[in-house]
Amino acid sequence: MESFIFTVLAVFIFISLLFSIFYSVRSRQMKEPVKKGIIGGKLNISMGAMLVFISAVQLLNSNESTLRIILGAIFLLLGLFNLFAGLRNYSFYRNKEQHTQS
């Protein structure tokens with residue numbers, strides 16, 4: 001069962017890594033500030049998810065290792081901050097886009 005959990009987490013890490021790369025490339029290609037902000041928000045969300053999944057691996061595989069627990073906690077905090085910032089930026093720029101279309 002434990003190896004199944006780590007396999008699922010590895011798949012989620014890989015998927016969120018692919019989304020991070022995709023949104024990073026798209027963000028650099030965008031010229032319009034509002035669309036660039038929307039893509040940047042999605043980038044932060046995918047990076048935050050990736051960091052949360054990495055922290056889950058570290059915390060579940062701690063084996064009483066203090067270093068793993070500390071790294072897992074740091075990754076968790078960074079991931080949650082990225083998720084929060086990404087959701088905030090995404091909603092801000094999405095609302096801005098809707099107001100300019102009206």
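**Reading helices, burial and salt bridges**

Colleague: How should I read a relative accessibility of 31% for arginine 94: what does the residue count as?

Modeller: Arginine 94 counts as partly exposed, because its relative accessibility is 31%. The cut-offs are these: buried is under 20%, exposed is over 50%, and partly exposed lies in between. Keep in mind that this is a predicted model.

Colleague: Which residue does the side chain of arginine 94 meet in a salt bridge?

Modeller: The general idea comes before the case. Side chains of opposite charge can pair when their charged atoms come close. Here the side chain of arginine 94 meets that of glutamate 97, at 2.7 Å from N to O. Both residues are in helix α3, and they are separated by about one helical turn because they are three residues apart.

Colleague: Is glutamate 97 buried or exposed?

Modeller: Glutamate 97 is buried, because its relative accessible area is 11%.

Colleague: How many salt bridges does a search of the whole structure find?

Modeller: The search finds two. One of them joins lysine 35 to glutamate 97, with the closest N and O atoms 3.4 Å apart. This pair links distant parts of the chain: lysine 35 is in helix α2 and glutamate 97 is in helix α3, which covers residues 66-101, and the two are 62 residues apart. Lysine 35 counts as partly exposed, because its relative accessibility is 34%. A network of salt bridges links Lys35, Arg94 and Glu97.

Colleague: Which residues of α1 are buried?

Modeller: They are Leu9, Ile13, Ser16, Ser20, Tyr23, Ser24 and Ser27. Their cover includes α2, residues 33-60.

Colleague: What is serine 16 in contact with, leaving aside its neighbours within four places in sequence?

Modeller: Serine 16 is in contact with Ser46, Ala49, Met50 and Phe53. Serine 16 counts as buried because its relative accessibility is 5%. A polar atom of its side chain lies 3.0 Å from the backbone oxygen of isoleucine 13.

Colleague: And which residues does serine 27 touch, not counting those up to four places away in sequence?

Modeller: Serine 27 touches Lys36 and Ile39. Serine 27 is also in helix α1, and counts as buried because its relative accessibility is 12%.

Colleague: Where is methionine 1, and how far in space is it from threonine 66?

Modeller: Methionine 1 is in the segment before α1. Methionine 1 and threonine 66 are 65 residues apart in sequence, and 24 Å apart in space from C-alpha to C-alpha. Methionine 1 counts as exposed, because its relative accessibility is 75%.

Note on methods. Residues numbered from 1 in each chain as written. Predicted model: local features only at pLDDT ≥ 70, side-chain atom pairs only at ≥ 80, totals over all residues. Heavy atoms only, no water. Buried < 20%, exposed > 50% of the residue type's maximum accessible area, 1.4 Å probe, protein only. Polar contact = N/O pair within 3.5 Å; in protein donor to acceptor, adjacent residues only side chain to side chain. Contact = heavy atoms within 4.5 Å. Helix = DSSP H or I, 4+ residues; strand = E, 2+ residues; numbered from the N terminus. Salt bridge = Lys/Arg side-chain N within 4 Å of Asp/Glu carboxyl O.
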